[in-house]
Amino acid sequence: MQIQRDFYLQQLIDGKRNGLVKIVTGIRRCGKSYLLFKLFYQHLITSGVAEDHIVRIALDDIENAVLREPLSLYRHIKERMKDAETYYILLDEVQLVPRFEEVLNSLLRLDNADVFVTGSNSRFLSSDIVTEFRGRGDEIRLFPLSFSEYCHGTGKAPSAAWKDYIVYGGLPQTLSLESDKKKTDYLSNLFGSVYLVDILERHNIKNKVEFEELAHIVASGIGAPTNPSRLSNTFKSVKKVDISSVTIDKYLSYMQDAFMIEKAVRYDIKGRKYIGSLSKYYFVDMGLRNALLGMRQMEESHIMENVIYNELRRRGLKVDVGMAEQRYRDSDGTWQRKQLEVDFVVNSGSGRCYIQSALTIPDEEKRRQESASLLRIKDSFNKIIVVKDDIVPWTDNNGITTIGLFDFLLKGMEIL
């Protein structure tokens, strides 16, 4: 089975010969090696690059163990470069090489070396690697399979694919596993023996139980506004454990650096400023989130919101949580203020749109409820409600467009 990942492949193609190290980052097992060694390699061959001008080294292969020494790796690559034509250097699992940064920097000094690398431990997965090469690195952020990629990979109709996707997520390996038990076991083992261990070891976290419990709490509350202080209070009241908000903030940042979760900050739309009080956290892969919770708490409305968030981020868009203020008179005639939430404020350059996620809109009352926050926004940017129902997209008199979930996820609709 070959899953096309054209969105990311095009980024690698666009980055050829740009003088930077192309760094493929992303959560473990999301397909970084496959993208570089299979899809990009095929592109190079079909575009006329001679095979001897492509240096592919899988550093986790036992046959390449000797190349894990920095100078040996560098000399091996240079020996393969016989002329002044461009050589494409593809290095997989580069974190296995001590001081690999020196190797990459040295390769950058060669005029005819075009360097592409991946890695898969927490050191390489984290944002630190991009910081290390600031100004010299071009990051290609790889996400698990999008819903569109999942449909194409499985050959299933959208309605059937959705039932599996919201349970088992988009890590490519799950597509090759036949039974539900094998998929669940794979995801559970992956979290416990790979993701969790990576983070604990990298940051020298001694209290594994507290960290894992925090991951459970965040997984249970996807899409719910929170902050470290609230989470600290939850530990005290529910778990009877005293863990400071400072420690929780660190733990959350560790999970973000490992690309396990992402943080969406609240944004005051009218005041045009960020509000630091509360944020939302979303899981990069729903299968990992569900496995962490023992395949429980799978409320479709929250999962749908998380999937939409991931799709927006996969498209390279900046996503915040919006707040719009409503002023009204109460029963005593006193003016009151109420904050209405906009699920997503989506930005790219000077473009912007506002998106609400609604599993279903069965009646006019529900429509008024979902539209209330959007109606408080007076600018001319697109305002969209995404519903799970299979409907023909339509726009009401207030300029609010309602579209079906599958149209949004599968057709790559222009929203900005």
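Here are some notes on this predicted model, going from the whole chain down to single residues.

1. Ground rules. Because the model is predicted, local features need pLDDT of at least 70 and side-chain atom pairs count only at pLDDT 80 or more, while totals for chains, interfaces and linings use all residues. Residues are numbered from 1 along each chain as its sequence is written, and side-chain values use heavy atoms, with hydrogens and water left out.

2. The overall build. You'll find 16 helices and 13 strands in the chain; both are DSSP runs numbered from the N terminus, with helices being H or I of at least four residues and strands being E of at least two. The radius of gyration is 23 Å, close to the 22 Å from the globule rule for 416 residues, so the chain is as compact as a globular protein of that length. (That radius is taken over C-alpha atoms, and the rule is 2.2 Å times the number of residues to the power 0.38.) Along its principal axes, the C-alpha trace spans about 85 × 50 × 45 Å.

3. Of the 416 residues, 52% count as buried, meaning under 20% relative accessible area; exposed is over 50%, and partly exposed lies in between (1.4 Å probe, protein chains only). Contact means heavy atoms within 4.5 Å. Take the contacts between residues at least 6 apart in sequence: 67% of them join residues at least 24 apart.

4. Strand β6 (residues 261-268) and strand β7 (residues 273-283) run antiparallel and are joined by eight bridges; two strands pair if DSSP finds at least two bridges between them. Look for Y267, which stands opposite Y274 in β7. Four residues sit between the two strands of this hairpin, and R272 in the turn has a positive phi of about 55°.

5. The loop between α12 (245-257) and β6 holds F259. F259 isn't a glycine, yet its phi is positive, about 65°. With 8% relative accessibility, F259 counts as buried.

6. Another positive phi. M295 is in the loop between α13 (286-292) and α14 (300-314). Its phi is near 60°, again a positive value in a residue other than glycine. M295 counts as buried too, at 17% relative accessibility.

7. Helix α8 and its neighbours. Which residues of helix α8 (residues 158-168) are buried? They are A161, W162, D164, Y165, I166, V167 and Y168. These buried residues pack against α7 (147-154), α9 (180-202), α13, α14 and α16 (405-410). Just after α8 comes G169, with a positive phi of about 70°.

8. T226 lies in the loop between α10 (208-220) and α11 (228-239). Is T226 buried or exposed? Buried, with a relative accessible area of 14%. Setting aside neighbours within four places in sequence, T226 is in contact with L231, S277, L278, S279 and Y281.

9. R80, for contrast. R80 belongs to helix α3 (residues 70-80) and counts as partly exposed, at 31% relative accessibility. Beyond its neighbours within four places in sequence, R80 is in contact with D52, I54, V55 and Y87. How far apart are R80 and V167? They are 87 residues apart in sequence and 46 Å apart in space, C-alpha to C-alpha.
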